[in-house]
Amino acid sequence: MRNSVEAPVALQLKPIKRDFNLFVSLHPNAIHAYGVRSHKFEYCDMIELIFLCTKRRSKGQGVLILGTCDTGKTLMFYKLVYGGSKQPFTVTSVSPNTGDYVIPEKSKTLQMIDLPGHERLRLQMLEQKKSSARGIIYVVDSATIQKDIKEAAEFLYNILSDSVILGNSLPVLVACNKQDQHLVKGASFIEKQLQKEINTLRVTRSAALQQIDSSGNNNTFIGKRDKDFEFSDLKPLRVTFTECSALETAEGAQPGLTGVESWLANLI
Ligand SMILES: Nc1nc2c(ncn2[C@@H]2O[C@H](COP(=O)(O)OP(=O)(O)OP(=O)(O)O)[C@@H](O)[C@H]2O)c(=O)[nH]1
């Protein structure tokens, strides 16, 4: 994880001695970190305090495109990175694809990273790339989601319970792809189904882990303990849903990737 720290201008200050009350009034959030270890506030405390005040949440430029197999991640990647100029014939990915996406009208660039959906590779690849991420697009196939709900929910659960992703509050967009097909499920239906499945998963996963760790301490329970799981319970991590279609059809079918592009525009 990269932490960017602003230039410690206060290092140029002369060593000072101040009482604890002044320290508290300078930085109330740091009381917990310092406690009442010392009633004197020294030069080295000042340096630590400056660090605490200027430390920023790590933010990479990468946007991970994740999902199970054949949901349309690679096609989406090509559409975003190369626009309409390249409509590739995609095959099952075994390694990441990376390329730049320039946000229209902002002249800012995000690095799109399409990761393989194969179950043997996806967690390992996520592990390698997660710390450089600024956001995650989780792609589901809206035509087959009912049949594949367990696998789709399980991978999403792994993502949402990851300590780095939770710790960095990475925004997650669930892209309900292939909306150009007939009889597909809409975003709100998919959201409810995923919530239901994750609700079950978090109980079974926690129970399994409690058998291993009798202390009962594990970080895999996401959401609130006293109610059914809802994505909104993960705040400050934001999970949003959009309907999209990565495939360009002859009629230029809607919704295309409009929802994905407006979400990307708000990432920077
Ligand atoms: N109808 C339709 N087909 C799509 C859409 N997006 C992708 N596809 C098709 O779905 C199939 C799988 O697409 P990929 O982009 O290779 O899927 P992937 O998620 O990268 O698959 P893996 O590499 O196995 O993880 C291809 O035949 C695509 O043409 C879409 O929006 N609509």
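**Reading the core and the backbone**

Author: Keep in mind that this is a predicted model.

Reader: Which residues have the most contacts inside the largest nonpolar core?

Author: The general idea is that nonpolar side chains tend to be buried together in soluble globular proteins. Here the largest nonpolar core has 37 residues, and Tyr138, Leu160, Leu194 and Phe231 have the most contacts inside it. Elements that each supply at least two residues of this core include β3 (62-67), β6 (133-141) and α8 (187-212). The helix α6 gives the most, with 9 residues. There is also a second, separate core of 24 residues, with Val63, Leu75, Tyr101 and Ile137 among them.

Reader: Now the backbone. Which peptide bond is cis?

Author: Look at omega. The bond from Lys235 to Pro236 is cis, with omega near 15 degrees, and Pro236 sits in the loop between α8 and β8.

Reader: And phi: is Ser107 buried or exposed?

Author: Start with the angle, then check the surroundings. Ser107 is not a glycine, yet its phi is positive, near 50 degrees. Ser107 belongs to the loop between β4 (97-103) and β5 (108-114). With a relative accessible area of 66%, Ser107 is exposed.

Reader: Where does Ser169 lie?

Author: In the loop between α7 (163-167) and β7. Ser169 also has a positive phi, about 45 degrees, without being a glycine. Ser169 counts as buried because its relative accessibility is 17%, and buried means under 20%.

Terms used:
Residues numbered from 1 in each chain as written. Predicted model: local features only at pLDDT ≥ 70, side-chain atom pairs only at ≥ 80, totals over all residues. Heavy atoms only, no water. Core = buried A, V, L, I, M, F, W, Y, C linked by side-chain atoms within 4.5 Å. Buried < 20%, exposed > 50% of the residue type's maximum accessible area, 1.4 Å probe, protein only. Helix = DSSP H or I, 4+ residues; strand = E, 2+ residues; numbered from the N terminus.
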